[in-house]
Amino acid sequence: MSAEREGLVGELLRSLGQDPDREGLRDTPRRVSKTLEFLTSGDGVDPVAVLRGALFLAEADAMVLVRDVEFYSLCEHHLVPFYGRAHIAYVPDRHIVGLSKLARVVDALARRLQVQERLTTQVAEAIQAAVEPKGVGVVLEARHLCMMMRGVQKQTSEAVTSCMLGRFRTDARTRGEFLQLISRKQEI
């Protein structure tokens, strides 16, 4: 599969009027093939299984928040990156989950051909399915190179998407607390 992908990248370079045999491009098909394989490696990962691997019984019902989880993904429309920060919160019911697993789920779902809107919902739904909390809130803030480098060429625009489930959807106080906590940008 890798050799086939490398050949296709070489053909793409030729179709763009480039010589894939010139010094600077000689290894490009191999590098692009490996990069695309890595950037889409989340397709084989079950995000619910990732989370269930670190569930712990706990009598807690205070909000758990992980803010500023860096991510990058490939826009499925243009195959160029979008990148940003994920803010994830949940209110436990019977279980808590290892904090690093929340970041791992973002990575697994972002390492697919994606759109930000779907990514946001998938993160929230995976947490809801695995942890079964009283509620989940997810906000993604991202910059899209398809908007920055081509088309409208807006360098400072940022897309913000959210998915609120359970208590985050039905309780304005819980939702408000979450949104207030992610708006604070303080150093630890």
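**Sheet, cores and cysteines in a predicted model**

Ser-33 lies in helix α2, which spans residues 28-39; helices are DSSP runs of H or I of at least four residues, strands are runs of E of at least two, and both are numbered from the N terminus. The model is predicted, so that local features need pLDDT of at least 70 and side-chain atom pairs count only at pLDDT 80 or more, whereas totals for chains, interfaces and linings use all residues. Residues are numbered from 1 along each chain as its sequence is written, and side-chain values use heavy atoms, with hydrogens and water left out.

With a relative accessibility of 1%, Ser-33 counts as buried (buried being under 20% relative accessible area, exposed over 50%, and partly exposed in between, with a 1.4 Å probe and protein chains only). When residues up to four places away in sequence are not counted, Ser-33 touches Ser-2, Arg-5 and Glu-6, a contact being heavy atoms within 4.5 Å.

Five strands form an open sheet with mixed pairing, in the order β5-β2-β3-β6-β7, where two strands pair if DSSP finds at least two bridges between them. Strands β5 (113-114) and β7 (159-166) stand at the edges and each has a single partner strand, so one side of each is left without a neighbour in the sheet. Strands β2 (residues 64-75) and β3 (residues 81-91) run antiparallel and are joined by 9 bridges; Val-64 has Tyr-90 as its bridge partner in β3. Helix α5 (residues 116-131) packs on the sheet, touching β2, β3, β5, β6 (135-144) and β7, and its direction makes about 155° with that of β6 (axes are lines fitted to C-alpha atoms, for helices over the stretch in contact, and angles run from 0 to 180 degrees between N-to-C directions).

The largest nonpolar core contains 31 residues, of which Leu-51, Phe-71, Tyr-90, Leu-102, Leu-119, Val-123 and Ile-127 touch the most other members; such a core is a set of buried Ala, Val, Leu, Ile, Met, Phe, Trp, Tyr and Cys residues joined through side-chain atoms within 4.5 Å. Helix α5 gives the most to this core, with 7 residues. A second, separate core of 8 residues includes Met-63, Ala-89, Val-91 and Met-164.

A search of the whole structure finds 0 disulfides, the criterion being a pair of cysteine sulfur atoms within 2.5 Å. Cys-75 is buried, with a relative accessible area of 5%, and its sulfur is 4.3 Å from the closest cysteine sulfur, that of Cys-146, which is too far for a bond. Cys-163, at 9% relative accessibility, also counts as buried.
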